[in-house]
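User: Before I rely on the descriptions used for this complex, I would like to see each one set against its definition. Could you take me through them?

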Amino acid sequence: MSIQYDKLTKEVIEAKLRQVSVPVTRADVQAAAVGAEEFQVANAAMLDSLERMNRTAVNRSYREIPSPTLRTKFTKLFKRFMRRMTFWYVEPCMMQQTEFNSANTSFAAEVNSELNNVRLRLHTLDAYNAGQDSIMQGTAARIDGLDARGNAGEARIAALEARCAALSDALDAALDDTRREIRQAAETIHVQAGQIESLERRNAVLTEQHQQNFGYQKQFQELEQEFHRLEQEHYQEMLRRTDTLDALLHKDVTDTMTGMQGRIGKLEKLSYVSAVNGAVCLNEEETGEFRVSFSQSGEDAIIRYIFSALGVAPDLVRYLDLGANHAVHLSNTYSFYLSGARGVLLDANPVLCQELEQRRPGDVVINRCLSDQKDTKLNFYIMNGDGLSTMDYDAAQDFIAKNPALRIEKTITIDSITIDEIIREHFADKAPEIMNIDVEGMEMTILNMIDFEHFRPLVIICEMIDYHNSLTVGEKNGEILDFMRRAGYEEFAFTGINSIFIDQRRGGAVK
Amino acid sequence: MNIAFDATAILGPMSKNRGIGNYALSQFTGMINQDKNNHYFFMNMIEKDYCLGDLITNKDHFTEDFIDTGKDHVLLRNPAYEKVIGNVIKRYLRENDIDIFYITSPFESSYMLYQKEWFENVRVVVTVYDIIPYVMKHHYLADKTTYDWYMRCVDNLRWADELYVISESVKTDLIEYLHFPAEQIKVIWGAVDEKYGIVNVSEADKKALMKKFGVTKPFIMCTGGEDGRKNLDGLVRAYSLMPEPIRAKYQLVVVCKLSENGLKALRGAAKKAHVEDDVIFTNFVTDQELIQFYNLASLMAFPSKYEGFGLPIVEAWACGTPVLTANNSSLCQIGGDAAVLVDADSDKSIAKGMADMLADEKILADYAQRGAKRLELYRWKKINDDIIALLDQIRPYKRETESQTGRPRIAFFTPLPPIESGISDYSEDIISELCKYCDIDVFIDDGYKPTSVFPENVAIYGYKEYPARSSDYLDTVFQMGNSDFHFYMYDFIRKYHGTVVLHDYNLHGAFYYRAVTVGKKDYALYRDFVRADFPDGSKDSYIESVSHGGGPDIFGIALNSYLMDHAARIIVHSEEAKRGLLARNIARHVEVIASYAVITPLADRDAVKEANGYKKEDVVLSAFGGISRTKRALPLLKAFAKLHEEFPQTKLLFAGKLADDIKSEFKSLVREYDLSESVQVTGYIEIDKFKEYIDMTDICLNLRYPSNGETSGSLMRILAKGRCVVVNDIGSFSEIPDRACIKIENVGKMGEEREPDAIYEALRTLLEDPDEQARIEKAARRFAEEHLDLRIVAKHYYDYLCMACDAPAVTEEVLNTLRQDPNLSQADISGIAGTLAYAT
């Protein structure tokens, strides 16, 4: 909505602002001063004439006739007299004249007015034409400008086209390079694809093998379980028979046991051959039955013999294996573990300890290194050869000097443990039946730490020779032999590597 | 209450679509739609095609008016037009009974300032958004001109009844810096626009937005402007100071319009801080994009150094985005415990604030939640209710008209009967009706005793008694005509002004008579008479010739300014006269009040005919008033001669005196056409006889050429008596509606040759179609009843006399200035002319 104003006032103001005469009416053009303003447009001489005509249009007989020469009172009186005398005749003439004059004046004013209108329109047209001219000029200038811009534009377009062409060439060259690179890459990819194919093939084979292995493992586990079950059965059977049969029958029992062990060996051979390289020694050709030994040189078999001779049940013994090394392979205690005996396994090598824990879950595994000092940390040198890892750097260097294929794979620090700690913890009540010492050169040190007055294992197995990568003869450690003797142990057997000592105080009875 | 508000905030070029403009738009649309009691008037002086009503649902309580001040607001820019604008506002407030005027943006610089005196009896309230320029005057008001202007704006706030500020901080500033009294200030706060809210930005939209502006990571958003106060450069530096792992995770997106220079400076700052790759300047974005940015931002940072009201804070909250802002001005008041507040002057503080927030999703979520809660304080619904409550508490001034007591008294200069003048009769009738509204003292000339009989509250005095009583009157009215009966008023008009009723536009005849005859060739006076209308000296040679005995050009040169220039107000009877007066000088108050007619019961035409010696079957054609050349007596006679041959029952009556100059010609024509039986000339007659003759007439003739700009009393009587009349299409006659009379062409246009035929044709047509004649008679009577009735006219008189008129603001000088104003374009003229007309 808009405010309500007076329309007439608005029109007047608008006309004034536009600087045109206010269009009152035609009457005003003639009568009012606003009209007179328009007359001013016409030429001044004409205006003067019009004004004079207006002034003199009305002629009456009594109008004073100026007389330049006769200005006396008399002449005035005379004139007045004459006017009165001729009034009847002059007045109508004058009236006619006046009418004519009036018409003429009015006509002249009309003409003047029309003329002004024409002039005004001409003026407007001129202004309009001038405007058109200037617009034309402006347009021409703009066309010129546009032309110039067009030319400039064309030049720019040409330059741009040239640049485009150059860019296009460069692009082509770059494209060629790229194509070449792509070709090369494609060839490389082709070769790699071949490699991948063969790798995949290998992978497939490996996967197959892995699956096979997995199958074997499973079979083994089943057999192991079966074995445990049978073992229990036979143990019960044996107990029963032991109770009922006399000493004469003992040989048969032993034979049966041996037979069983042979079967176990056979089973192990079947199941574990790939996992445990050469862990089983066989003499089936000779005896026709299996005799199981995991030790390097039949030490476990010897001890079994001792136990049988002493009447010690091999399944009830306990053992302390210092330097237990591999859980099965070359183990002097594994055969007893299988028989149901349990004990303590010590090894400094954490990798081996892991395996020990896995494979011999019934045993206590201690991953510490033996030392005469409590709570210290000692270096442990892990060798790439089995059973050779040691705490003794010199010993390790010695191995290496003797077998150039060996090297220290890793040095780790291991918490120490004293032999007393082990005894206190695990054998406080009773010494184990078997103590195995295989600590690669530190045997003497360890033996020295043991208080043989109060701690007396029935059988002690101790390594007696230095390490060699070939068969060694006649280098038995005399120091150990002497020490053991002083401690009251007699060498029962020497396997070429280990000596098996029997407690004289008990074994003497055997003698 | 009626509340008017201006458009400076909503449409002012400094504010439109910006903070202030958006604020005012939300405020007023909300207020109007919420307020069921008050009526709001939107006074738009700025944008022609703008329609605020589109946003208003409560339309019964809303009016919007456009006041054209030119496309570039030429009327608002030059102090020369100050009075014009003042008059416009005063009239607007008066016409709409405005109780409260609400100034929406007091620092809209390009416009002239409101003046206190325009708001008499109107309460004025103003929204003050901030006085930042004064608080930071060394920065903003360093230039003296700007400072002076600003302080003028500030001074203008002092007379406002109430100042509404948008935060506590602005109030404190006004009190502390400019010493405004606390009770003048009310805090209204600000609010978030409804368009801001949590929106689900689709993955595709998000992608498009990010791509359009080059955003590649989660981002911190900020908005503002290039004004240093907004501290965008500080934010950019702070962004670069954040720990690299956090900074590298976020980009900084500056969402606001920036000038080329502003953009360059900020890019430079980013480059200097080595973060130019991660700082993005969107420049202008659409509303939709802005809202999407708010919604997608991880954090909105607004560390401005000073804000009257930090809108971006609430906008971000509305979009569910956590906010970091500064611990200064209104920002900390709005932020409260729902935003992280930092020291805007310390880049490190800003950096730490942002890094701490961004380092922990939980903190961000926590602040988003707090923001959502605090946002409820800044909702328009609440804010508007508060403002309406404030407005309702304002006590409006009492209406002036209610307080006015006592009966007004009017002085009335006029001749009265028995003076033989149409004006005498006119005044007698007007006074007897006008005195129903007010007491009247009539001042008459010496030398006669009026015969009029008036009610008691009308007194008649000799004019010499006027000076002693001049201060008793609401207004003094002078009835002015072109005769010596009015000479006694001349000096009084020039001295006491008052309202002049100009019956004859051209007073030249009276002036000439006064100077040359009565004044005994007082050519000096005659010269004054003429020069008042021709001050440029263009009629000096004419004066010279008259002074030497030349004949005067009484019809050719219209005069009236000698008196009209001194009239405070002028009443005329025709638009034509008004136009002429304004054309001469625009700084005049001119009112058209129709010449009146007394509406009496219609007479029995045939009875009157017979009473006057005519037969019933006679068809009486009459012309009234002096029989002269200008009343076209001779062409009429010729036309009648032809008509009479065809319609022998027609009679032609000239009710008036035959003028000397046509007497012989008239008589010879009567003889020539042998019309002595059918043409009657009455000679001078009394008014009653005059009326009787109208009653018995079948068709009246009221011809005129040329016109003196006069209205015809006879014509009014003819219309009131319901008679069909033939007139020339000239002067005030043209203003009679076509349906109520027969118009023949202006003689000036058709020429005298054709005139008799034209008259003949018009009469013949009427005689052949009696139904048409009856229809016109009815329409004439109706027109008279509706417009010419004395009661209506008298009321119009009274209302006009009581109407407050502002001193003329639109003068010839103002128009001259405007014409030469370089800011005025031709396209503006029409609209501006309307506004100027409103201001007169």
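**Terms and the values behind them**

Analyst: Strand β15 (residues 439–444) of chain B is mostly covered, with 5 of its 6 residues buried. This is a predicted model, in which local features need pLDDT of at least 70 and side-chain atom pairs count only at pLDDT 80 or more, while totals for chains, interfaces and linings use all residues. Residues are numbered from 1 along each chain as its sequence is written, and chains are lettered from A and ligands numbered from 1 in the order in which they are written.

User: What makes a residue of β15(B) count as buried?

Analyst: A residue is buried if 20 or more other C-beta atoms, placed from the backbone, lie within 10 Å of its own, exposed if 12 or fewer do, and partly exposed in between. In β15(B), 5 of the 6 residues are buried, and across chain B buried residues make up 47% of the 840 residues.

User: How do you know that β14 and β15 of chain B pair?

Analyst: Two strands pair if DSSP finds at least two bridges between them, and strand β14 (residues 409–413) of chain B is joined to β15(B) by 5 bridges, the two running parallel. Ala411(B) stands opposite Asp441(B) in β15(B). Strands here are DSSP runs of E with at least two residues, and helices are runs of H or I with at least four, numbered from the N terminus; chain B has 38 helices and 26 strands.

User: Why are β4 and β5 of chain A called edge strands?

Analyst: The sheet in chain A is open, with 3 strands in the order β4-β6-β5 and mixed pairing. β4 (369–370) and β5 (377–383) each have a single partner strand, so one side of each is left without a neighbour in the sheet. β5(A) pairs with strand β6 (residues 408–417) of chain A in the antiparallel sense over 7 bridges, and within that pairing Ile382(A) has Lys410(A) as its bridge partner.

User: Why are α24 and α25 of chain B described as roughly antiparallel?

Analyst: Helix α24 (residues 523–533) and helix α25 (residues 540–547) of chain B pack at an angle of about 155°, with their axes 10 Å apart; axes are lines fitted to C-alpha atoms, for helices over the stretch in contact, and angles run from 0 to 180 degrees between N-to-C directions. Angles under 35 degrees count as roughly parallel, over 145 as roughly antiparallel, 65 to 115 as roughly perpendicular and the rest as oblique, and α24(B) and α25(B) are therefore roughly antiparallel to each other.

User: What makes α1(A) and α37(B) oblique instead?

Analyst: Helix α1 (residues 7–17) of chain A packs against α37(B) at an angle of about 50°, with the axes 9 Å apart, and the two are therefore oblique to each other. Ile13(A), Lys16(A) and Leu17(A) in α1(A) meet Leu815(B), Leu818(B) and Arg819(B) in α37(B).

User: How many residues of each chain are in contact with the other, and what makes a contact?

Analyst: Two residues are in contact if their C-beta atoms, placed from the backbone, lie within 7 Å; by that rule 50 residues of chain B are in contact with 33 residues of chain A. The largest share of the side of chain B that touches chain A, 8 residues, comes from α27(B).

User: What makes a group of residues a nonpolar core?

Analyst: A nonpolar core is a set of buried Ala, Val, Leu, Ile, Met, Phe, Trp, Tyr and Cys residues joined through C-beta atoms within 7 Å. The largest has 254 residues, and those with the most contacts inside it are Ile220(B), Met354(B) and Leu719(B).
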